[in-house]
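Hi everyone, thanks for making time.

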Amino acid sequence: MYWTKKHVLVCTASHCAQKGAMTLAGRLRLEIIRRGLDAEILVNNCGTIDLCDIGPNIVVYPDNVIYSGVTLKDLPDIVAHLEGGPVVERLVLNATTPAERARHDFYAAAVASEPTRPAPEFVELAAAHGYDEAWIAEQQRRGFIARKPGAEGGPETITVTKKARDRYRV
Ligand code: FES
């Protein structure tokens, strides 16, 4: 029933699902039912919200809150928020969250001249912003960058994808 006070969307698209989002969604829904809140709070699965590297992600309306990196341990605090308690600040993500701001600054630098550059240059730039190879691999896995073999024996290249450019507006 949609005429609820809050609508909670749990991203269960592939990247978040790989990190346990289906279980999260199921447990959250159960907890809402167990507390008799299901007439007021609707929990739905949803497709990607393009924050795939920091999922699982949950969006709460009308609060307009995004929780990222949610684990089962976080559910009691999220349920408390849904029941009228405070927003769970440690999980909140928005464009001005320091970690998101730092990723923005890196991607802004990475596309400053053009979205594709030799991989060693990209890795060096990432390191200068405090990001290591594991972080780069995660960005690639989640579709924010794409690697290609270099043309004619040249170095491999890394392209910042539209997914990253749209997210960071760069
Ligand atoms: S898969 Fe959940 S944000 Fe992309």
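Predicted model: local features only at pLDDT ≥ 70, side-chain atom pairs only at ≥ 80, totals over all residues.

Okay, the overall picture. We've got seven helices and seven strands; helices (H or I, at least four residues) and strands (E, at least two) are DSSP runs, numbered from the N terminus. Reading from the N terminus, the order is β-α-α-β-β-β-α-α-β-α-α-β-β-α. The C-alpha trace spans about 65 × 25 × 25 Å along its principal axes. There are 170 residues in the protein, and 42% of them are buried. Contact, by the way, means heavy atoms within 4.5 Å. Of the contacts with a separation of 6 or more, 60% are between residues 24 or more positions apart.

So, what about the inside? In soluble globular proteins, nonpolar side chains tend to be buried together. A nonpolar core here is a set of buried Ala, Val, Leu, Ile, Met, Phe, Trp, Tyr and Cys residues joined through side-chain atoms within 4.5 Å. The largest one has 21 residues, and V8, L28, I58, Y67, I78 and L82 have the most contacts inside it. Two or more residues each come from β1 (6-11), α2 (21-34), β2 (41-46), β3 (58-61), β4 (65-67) and α3 (75-82). Take L28: leaving out residues up to four places away in sequence, L28 touches V8, V10, V43, I58, L75, V79 and L82. Apart from that core there's another, of 18 residues, and F106, F122, W135 and V160 are among them.

Now for the aromatics. Rings of Phe, Tyr and Trp (its six-membered ring) pair if their centres lie within 6.5 Å; planes under 30 degrees apart count as stacked, over 60 as edge-to-face and the rest as tilted. How many aromatic pairs does the structure hold? Seven. In one of them, the ring centres of F106 and Y131 are 5.7 Å apart with the planes at 65°, so that pair is edge-to-face. F106 sits in helix α4 and Y131 in the loop between α5 (119-128) and α6 (133-141), so to speak a link between distant parts of the chain, 25 residues apart. Both of those residues are buried.

Then there's Y107 with W135: centres 6.2 Å apart, planes at 45°, so this pair is tilted. Y107 is in helix α4 and W135 in helix α6, 28 residues apart. Y107 has a relative accessible area of 0%, so it's buried, and W135 is buried too, at 15%. Put together, F106, Y107, F122, Y131, W135 and Y168 form one aromatic cluster.

Staying in helix α4, that's also where H104 lies. Is H104 buried or exposed? It's buried, because its relative accessible area is 17%. Not counting residues up to four places away in sequence, H104 touches Y168 and V170.

Next, the loop between α3 and α4, which holds V87 and P86. V87 counts as partly exposed, since its relative accessibility is 29%, while P86 counts as exposed at 66%. Beyond residues up to four places away in sequence, V87 touches V65, Y67, H81 and V92.

Last stop, the pocket. Rolling a probe the size of a water molecule over the atoms shows where empty space is left. On a 1 Å grid over the protein atoms alone, a pocket is an open set of points where a 1.4 Å probe fits, with protein on both sides within 12 Å along at least five of seven lines, and lining residues have an atom within 4 Å of a point. Grid points are joined across faces, edges and corners, and a volume is the space filled by probe spheres set on the points. The largest pocket holds about 320 Å³ of space. It's lined by 14 residues, with L51, N94, A95, E100 and R167 the closest to its centre. Helices α4 (98-110) and α7 (162-168) each supply at least two residues of that lining.

Conventions. Residues numbered from 1 in each chain as written. Heavy atoms only, no water. Buried < 20%, exposed > 50% of the residue type's maximum accessible area, 1.4 Å probe, protein only.
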